[in-house]
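I opened this entry to record what I looked up in the structure, topic by topic. The sequence and the coordinates are shown first.

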Amino acid sequence: QSLSLSSIAGEIHVLEHTVSDLNSTVDNLLKKVSTLELQHDWSQVATTYVTCSLGMTWSEIIKVVSDQKISGTSRPEIVTGGLGRKMVFEKFEVWICSRSDRCAISEDDFMCYVYDEQERIF
């Protein structure tokens with residue numbers, strides 16, 4: 001099948017518009033991703049507590065949580081959970097709160113930390 005120069009030019013014009021539309025879509029998606037990253041920027045949370053640290057290993061945390069479940073305490077020292085919508089996959093996925101933490105405001109309060117999966121620190 002032979003194509004005329006005019007029909008080829010028309011096809012090129014259509015493809016140029018399609019590429020332009022795709023570029024606009026990609027730009028819009030990148031803006032949305034950037035906005036979402038800002039909403040999930042855990043590095044800017046509670047900068048006044050930068051000197052605080054949990055000071056426990058995962059093994060110690062698991063032992064305390066396990067002991068709490070066995071004892072059935074109504075006043076846990078450690079609580080933990082997932083970040084849900086605030087999660088940054090393979091970076092910030094879980095939180096841990098400690099009642100006996102030196103940075104807690106009072107002995108009845110918890111100090112909470114988000115675990116950095118890549119740096120392996122709270």
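How many disulfides does the structure hold? I searched the model, which is a predicted one, and found 2 disulfides.

**Disulfides**

I took the link of Cys52 and Cys103 to begin with; their sulfur atoms lie 1.9 Å apart. The torsion about this S-S bond is about -100 degrees, so the disulfide is left-handed. I then placed the two ends: Cys52 sits in the loop between helix 1 (5-39) and helix 2, and Cys103 in the loop between strand 2 (92-98) and strand 3. The pair thus links distant parts of the chain, 51 residues apart. I checked accessibility as well: Cys52 counts as buried at 10%, and Cys103 is buried at 13%.

I next turned to Cys97 and Cys112, whose sulfur atoms are 1.9 Å apart. With 110 degrees about the S-S bond, this link is right-handed. It joins strand 2, which holds Cys97, to strand 3, which holds Cys112, across 15 residues of sequence. Cys97 is buried, with a relative accessible area of 6%, whereas Cys112 is partly exposed at 41%. With the bonded cysteines numbered in sequence order, I noted the pairing as 1-3, 2-4.

**Nonpolar core**

Which residues make up the largest nonpolar core? I listed 10 residues in all: Cys52, Leu54, Ile61, Val65, Ile78, Ile96, Cys103, Ala104, Met111 and Tyr113. Helix 2 and strand 3 are the elements that give two or more residues to this core. I also looked up the contacts of Cys52 beyond its neighbours within four places in sequence, and found Arg102, Cys103, Met111 and Tyr113.

**Gln68**

I located Gln68 in helix 2 and found it buried, with a relative accessible area of 13%. Leaving aside neighbours within four places in sequence, Gln68 is in contact with Thr73, Pro76, Glu77 and Ile78.

**Aromatic pairs**

My search of the whole structure returned 3 aromatic pairs. In one of them, the rings of Trp58 and Phe122 have centres 5.5 Å apart and planes at 50 degrees, so I recorded the pair as tilted. Trp58 lies in helix 2 (residues 58-71) and Phe122 in the segment after strand 3 (111-116), so this pair ties together parts 64 residues apart in sequence. The rings of Tyr115 and Phe122 have centres 4.8 Å apart and planes at 55 degrees, so this pair is tilted too.

Is Tyr115 buried or exposed? I found that Tyr115 counts as buried, at 7% relative accessibility. Trp58 is partly exposed at 32%, and Phe122 is partly exposed at 22%.

Terms used. Residues numbered from 1 in each chain as written. Predicted model: local features only at pLDDT ≥ 70, side-chain atom pairs only at ≥ 80, totals over all residues. Heavy atoms only, no water. Phe/Tyr/Trp six-rings, centres within 6.5 Å; stacked < 30°, edge-to-face > 60°. Helix = DSSP H or I, 4+ residues; strand = E, 2+ residues; numbered from the N terminus. Buried < 20%, exposed > 50% of the residue type's maximum accessible area, 1.4 Å probe, protein only. Contact = heavy atoms within 4.5 Å. Core = buried A, V, L, I, M, F, W, Y, C linked by side-chain atoms within 4.5 Å. Disulfide = S-S within 2.5 Å.
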